[in-house]
Amino acid sequence: MESIINFLNNLLWGQVLIPLLLGVGLYFSLRLHAIQLRRFGHMFSILRQGRGENRHGISPFQALCTSLASRVGTGNLAGVAVAIYIGGPGAIFWMWLTALLGMATGYAESALAQLYKTQDSSGTYRGGPAYYIERGLGQRWLGQVFAVLLILSFGFVFNAVQANSIAVAMQGAFALDTLWSGLILVCLAGLVIFGGIRTIAHTAEKLVPLMALLYLGIALCVLILNLERVPAMFASIFSSAFGLQEAAGGVTGGLMVALMNGVKRGLFSNEAGMGSAPNAAASAIPVPHHPASQGFIQALGVFVDTIVICTCTALVILLSGVFEPGNGLTGIELTQAALDATLGGVGKYLVAIAIFFFAFTSIIGNYMYAESNLLYLLGGRTLMPVIQGMRALVLAMVLWGALEKVGIVWDAADASMGLMALVNLLALLLLSGVVIRLTRDYEQQLKRGQQPHLQLQKGDYPGLVDSQIWSEHKPQ
């Protein structure tokens, strides 16, 4: 089994997915005329409008926070450090570029999730790649494959990994036994998860902005204390990104190492194209009442995750002076040592607290995705015994993850997520014409000075689009 998993990961992540993910991001950037740059300010104006919810769905702001809850995890702390350790400071430049391309992919997949969303038996909006694969492409079997892969990776394994990160951090910083960490985490997560999608959205709405602002504040403190090093740091990032530092030292391969590690960590962090965030996007009541508006919101999520939060970690590490290639200090230990060097002995405590918030919100965000896909497999029926059973299994995996080393299970999740991304990217390319048509409709209405609203005409979009959903006007 280990050999099969390693073969899949080497094939998917080593040869197929990275060029495909970047290629899809570049394709949508070109076809949509760099919409992530042209409409960057528009993303914030939409976010300010959409703060309300109703019985059918959550607000756009809650959908953004829920997707960020899942995106922002231990990878933002440990993954960035690994990218810098292996790829040098230049990896950060390629991480930024990956995020800029990923914003176009995130826009496309979330706009499609909105267009093809439906209502479950309780009247709540549900959608995501599994839904647009079936309703847009007419391939239910492929939607079912995607749903199973997402439930296995996000619902179970990734939550075990996040729990493990919290338990290890709490043990290292506060000498708290991993069993107690696991039990406390199960209780806290259970209170949120058993409350359903609205409790998850309300919790994310409160925790995500708080944790992002606190982490940004830490990074700004480090920046202020090391202002004299900032110009040299940016010079190092740009020169290392193109292998200039390595070339000056007679080292070959610097460019490719920086590029591959920056791209890989950027993709893992912001999840653009993976098919995860569209599940949150579909649950929102879009403002304006058009699928493209939620695409803009989720594109902003990619920006916040990578350009803002990952950059904070990079600043902390590169300004601290503790980073030395080949000194063996990498991952979360490198981030912790960087904060210790700048802010004194409180570094390990700050990192532990950051890990707790980042990983805990990931657990509840991941669960929301899993529940949406379970309901897809159930045909939209809200069968509470089945849903409650999955909630119990998720919490069991959280406890197991806190107590055990995840090892091969993490590799299996990578393989599962890789297959999931492959299915989603294929669907995005096949439905790219729909994304372009939606965008053109939205922007034409903006040019006419109108508040965009999807007005369906027969034959406008392929597949099954719920006309009742789009005929309803959400109160402003």
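Me: Where do F40 and F44 lie, and how many residues apart are they?
Reply: Both are in helix 3 (residues 40-49), 4 residues apart, which is about one turn of the helix. Helices here are DSSP runs of H or I with at least four residues, strands are runs of E with at least two, and both are numbered from the N terminus. This is a predicted model, in which local features need pLDDT of at least 70 and side-chain atom pairs count only at pLDDT 80 or more, while totals for chains, interfaces and linings use all residues. Residues are numbered from 1 along each chain as its sequence is written, and side-chain values use heavy atoms, with hydrogens and water left out.

Me: What do F356 and F357 form?
Reply: An edge-to-face aromatic pair, 5.8 Å centre to centre with 80° between the planes. Rings of Phe, Tyr and Trp (its six-membered ring) pair if their centres lie within 6.5 Å; planes under 30 degrees apart are stacked, over 60 edge-to-face, and the rest tilted. F357 has a relative accessible area of 21%, so it is partly exposed.

Me: How many aromatic pairs in the whole structure?
Reply: The search finds 17. F40 and F44 pair with ring centres 5.3 Å apart and planes at 80°, so that pair is edge-to-face. There is also an aromatic cluster made of F93, W94, W96, F238 and F242.

Me: What sits over the ring of Y125?
Reply: The charged end of K117, 4.0 Å from the ring centre. To count, NZ of Lys or CZ of Arg must be within 6 Å of the ring centre and within 35 degrees of the ring normal. R140 lies over the face of Y376 as well, at 4.7 Å from the ring centre.

Me: Switching to cavities. How many are there of 30 Å³ or more?
Reply: The count is 2. A cavity is a set of points on a 1 Å grid, over the protein atoms alone, where a 1.4 Å probe fits but cannot get out, and lining residues have an atom within 4 Å of a point. Points are joined across faces, edges and corners, and a volume is the space filled by probe spheres set on them.

Me: What lines the largest cavity?
Reply: L21, L22, G25, T98, L101, G102, T105, L267 and A272, around a volume of about 40 Å³. Helix 6 gives the most, with 4 residues. The lining has 5 nonpolar, 4 polar and no charged residues. In that scheme Ala, Val, Leu, Ile, Met, Phe, Trp, Tyr, Cys and Pro are nonpolar, Asp, Glu, Lys and Arg are charged, and the others, Gly among them, are polar.

Me: And what lines the second largest cavity?
Reply: I92, W96, M233, F234, I237, T311, A314, L315 and L318. Helix 6, helix 11 (230-241) and helix 15 (291-320) each give two or more residues, and helix 15 gives the most, with 4. The volume is about 30 Å³.

Me: What does S70 touch?
Reply: Leaving out residues up to four places away in sequence, S70 touches F154, E271, T361, S362, G365, N366 and Y369; contact means heavy atoms within 4.5 Å. S70 lies in helix 4 (residues 60-71) and counts as buried because its relative accessibility is 4%.

Me: Back to E271: what is its phi near?
Reply: Phi of E271 is near 65°, a positive value in a residue other than glycine. E271 is in the loop between helix 13 (254-270) and helix 14, and is buried, with a relative accessible area of 6%. A175 has a positive phi too, near 55°, but A175 counts as exposed at 66% relative accessibility.

Me: Last one: which bond joins V287 and P288?
Reply: A cis peptide bond, with omega of about -5°. P288 is in the loop between helix 14 (278-281) and helix 15.

Conventions
On a 1 Å grid over the protein atoms alone, a cavity is a set of points where a 1.4 Å probe fits but cannot get out, and a pocket is an open set with protein on both sides within 12 Å along at least five of seven lines; lining residues have an atom within 4 Å of a point. Buried means under 20% relative accessible area, exposed over 50%, partly exposed in between (1.4 Å probe, protein chains only).
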